[in-house]
Amino acid sequence: MAFFGRKSYKTLTELVAGCQRQEPRAQRAFYERYQERMLGVCVRYARTVAEAEDIFQEAFLKVFTHINDITKPESADSWVKSVVVRTAINYYHRTTLPQEHLTSYESSHESLASDEHLHILAGYNLEVLLGLLARLPDTYRLVVNLYLIEGYSHAEIALLLTIPEATVRSRFSRGRQLLLTDIEQHGIQRHELLG
């Protein structure tokens, strides 16, 4: 028997309401609900695990600061993910974007039709594919993640990153080609990538 009665939050609505009332137990349960999954999202946008953890912590500060903005508690899952992705993009703008002018990684060639990558990458083991994506330069990794993994359109990515849509398309194309080249250079066969 617990010394202090343990409050249980049976539904997401109850959990969000507890967080909005700033109940520490609800906040802890809410944090734990998203920790593993959202940290995984952050890893896709970061260069290191430590950077991903920083992004995650920053995102959750925003989540708890703006928890009262949730008017439909049942949509909390998508709202939290949106906050995490936008925080990762903001982190990119603060840390990586200024460095883009110092380095260039433009040595790739177009060799595949525009949608052929979807057929080639479809069905690959997500964990192995994410490992390969992590090796891409930051500029390309961000766009490829947003398009292939998160499902944003080129136009939506352009709005999120505040860059022209043509730049998004170019970065995606180069990133996709680098990813496919990396697959070939490391001798990874399709059967090794299948789950």
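Biologist: Where is the pLDDT below 50?
Modeller: Residues 1-5 are below 50, and beyond near neighbours in sequence that stretch has 2 contacts in the model. Residues 190-195 are also below 50, but there the model has 17 contacts beyond near neighbours in sequence. Where pLDDT is low, the predicted coordinates should not be read in detail.

Biologist: And what is the mean for the chain?
Modeller: The mean pLDDT of the chain is 80, with 75% of its residues at 70 or more.

Biologist: OK, the core. Which residues touch the most other members of the largest nonpolar core?
Modeller: F30, Y34, V80, L146 and L161 do, in a core of 50 residues. Helices α1, α2, α3, α4, α6 (126-133), α7, α8 and α9 each supply at least two residues of this core. The largest share is 9 residues, and it comes from α4.

Biologist: Then tell me about α4. What should its span be, and what is the distance between its end C-alpha atoms?
Modeller: Helix α4 is residues 76-95, which is 20 residues, so at 1.5 Å a residue it should span 28 Å. Its end C-alpha atoms are 28 Å apart, which agrees.

Biologist: Which of its residues are buried?
Modeller: In α4 the buried ones are A76, V80, V83, V84, V85, T87, A88, I89, Y91 and Y92.

Biologist: What covers them?
Modeller: The cover includes α1 (12-20), α2 (24-45), α3 (49-65), α7 (138-149), α8 (154-161) and α9 (165-185).

Biologist: Switching to rings. How many aromatic pairs are there?
Modeller: The count comes to 9 aromatic pairs. One of them is Y34 with F60, a tilted pair at 6.3 Å centre to centre and 40° between the planes. That pair links distant parts of the chain, with Y34 in helix α2 and F60 in helix α3, 26 residues apart.

Biologist: Are Y34 and F60 buried or exposed?
Modeller: Y34 counts as buried because its relative accessibility is 0%. F60 is at 2% and therefore also counts as buried.

Biologist: What other ring does F60 pair with?
Modeller: F60 also pairs with F64, edge-to-face, at 5.6 Å centre to centre and 65° between the planes. Both lie in helix α3, 4 residues apart, about one turn of the helix. An α-helix has 3.6 residues a turn, so residues three or four places apart point the same way. F64 is partly exposed, with a relative accessible area of 25%.

Biologist: Which residues do the ring pairs link into a cluster?
Modeller: The cluster is F30, Y31, Y34, F56, F60 and F64.

Biologist: Now charges. How many salt bridges does the structure hold?
Modeller: There are 12. One of them joins E150 and R44, with the closest N and O atoms 2.1 Å apart. E150 is in the loop between α7 and α8 and R44 is in helix α2, 106 residues apart, so this pair links distant parts of the chain.

Biologist: Buried or exposed, those two?
Modeller: E150 counts as buried because it is at 16% relative accessibility. R44, at 13%, counts as buried too.

Biologist: And which salt bridge partner does E32 have?
Modeller: E32 meets R28, 3.2 Å from N to O. They are 4 residues apart in helix α2, so about one helical turn separates them. E32 is partly exposed at 45% relative accessibility, while R28 is exposed at 57%.

Biologist: What about D138 and R141?
Modeller: Their side chains form a salt bridge at 2.7 Å, N to O. They sit 3 residues apart in helix α7, about one helical turn, and both are buried. Together with R47 and E51, D138 and R141 are linked in a network of salt bridges.

Notes. Residues numbered from 1 in each chain as written. Heavy atoms only, no water. Expected span 1.5 Å × (residues − 1). Buried < 20%, exposed > 50% of the residue type's maximum accessible area, 1.4 Å probe, protein only. Contact = heavy atoms within 4.5 Å. Core = buried A, V, L, I, M, F, W, Y, C linked by side-chain atoms within 4.5 Å. Phe/Tyr/Trp six-rings, centres within 6.5 Å; stacked < 30°, edge-to-face > 60°. pLDDT = per-residue confidence, 0-100. Salt bridge = Lys/Arg side-chain N within 4 Å of Asp/Glu carboxyl O.
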